[in-house]
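Dear colleague,

Please find below the structure that I am handing over to you, together with its sequence. My notes on what was found in it follow.

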Amino acid sequence: MEVQIRPAAGVDVAGICNVEIASCGNTLGEEIIRTIVRSRESLRYVAIHSKVVVGFAFAERDTDRRYVVLNVVVHPKWRRFGIGSGLAESLQQGIKSLQQVHATRLVVYARETSLPSHLFLKHNGFRAVTFVRDWFMFNAVGEVDGNMEDAIKFVWWYGDEGKMTGDKM
């Protein structure tokens, strides 16, 4: 099994939507994904096997020093092969390449109830730093439904800031 991870391009949008639907049951929508893929303010990668998108990762610039991870998604049939870790590592390498413009951290908000997400993030060098009440407010099809869900905020630092003992963002 050979999987290549590379920057996402416009030709990947349909494949990204397919992976998201297979994994989550819904999608951000082609137009939003196309906007993220084209943005100069985002880090975006796809995992490709035999010219087919099997996973993707997006992070958008939030402040001068911080990027917020929007998604790390792997098609269910391709999980447990290290693809998600490869995508997370690509985001981390993206931050390392941006350190000259002072980008030093990736932030992820994971659902409080998603233990697999917590374990994945910890395995990939992220640290839980705080609990956030009512962070998620969307149902499975992306509509606001009034059912709020709490989050755990995870951070990955590059450089000396990784020695921080708390989240000073």
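Among contacts (heavy atoms within 4.5 Å) in the protein chain between residues at least 6 apart in sequence, 60% join residues that are at least 24 apart. The model is a predicted one, in which local features need pLDDT of at least 70, side-chain atom pairs count only at pLDDT 80 or more, and totals for chains, interfaces and linings use all residues. Residues are numbered from 1 along each chain as its sequence is written, and side-chain values use heavy atoms, with hydrogens and water left out.

The protein chain has four helices and seven strands, where helices (H or I, at least four residues) and strands (E, at least two) are DSSP runs numbered from the N terminus. Their order from the N terminus is β-α-α-β-β-β-α-β-α-β-β. Of the 169 residues, 42% count as buried, that is, under 20% relative accessible area, with exposed meaning over 50% and partly exposed in between (1.4 Å probe, protein chains only).

As to confidence, pLDDT (the predictor's confidence in each residue, from 0 to 100) averages 84 over the protein chain, and 84% of the residues score at least 70. Where pLDDT is low, the predicted coordinates should not be read in detail.

Rings of Phe, Tyr and Trp (its six-membered ring) pair if their centres lie within 6.5 Å; planes under 30 degrees apart count as stacked, over 60 as edge-to-face and the rest as tilted. By this rule there are two aromatic pairs. The ring centres of F56 and F58 are 5.0 Å apart and their planes lie at 45 degrees, so this pair is tilted. F56 is buried, at a relative accessible area of 0%, and F58 is buried, also at 0%. W78 and F81 form a tilted pair, with 6.1 Å centre to centre and 55 degrees between the planes. F81 is partly exposed, with a relative accessible area of 48%.

Yours sincerely
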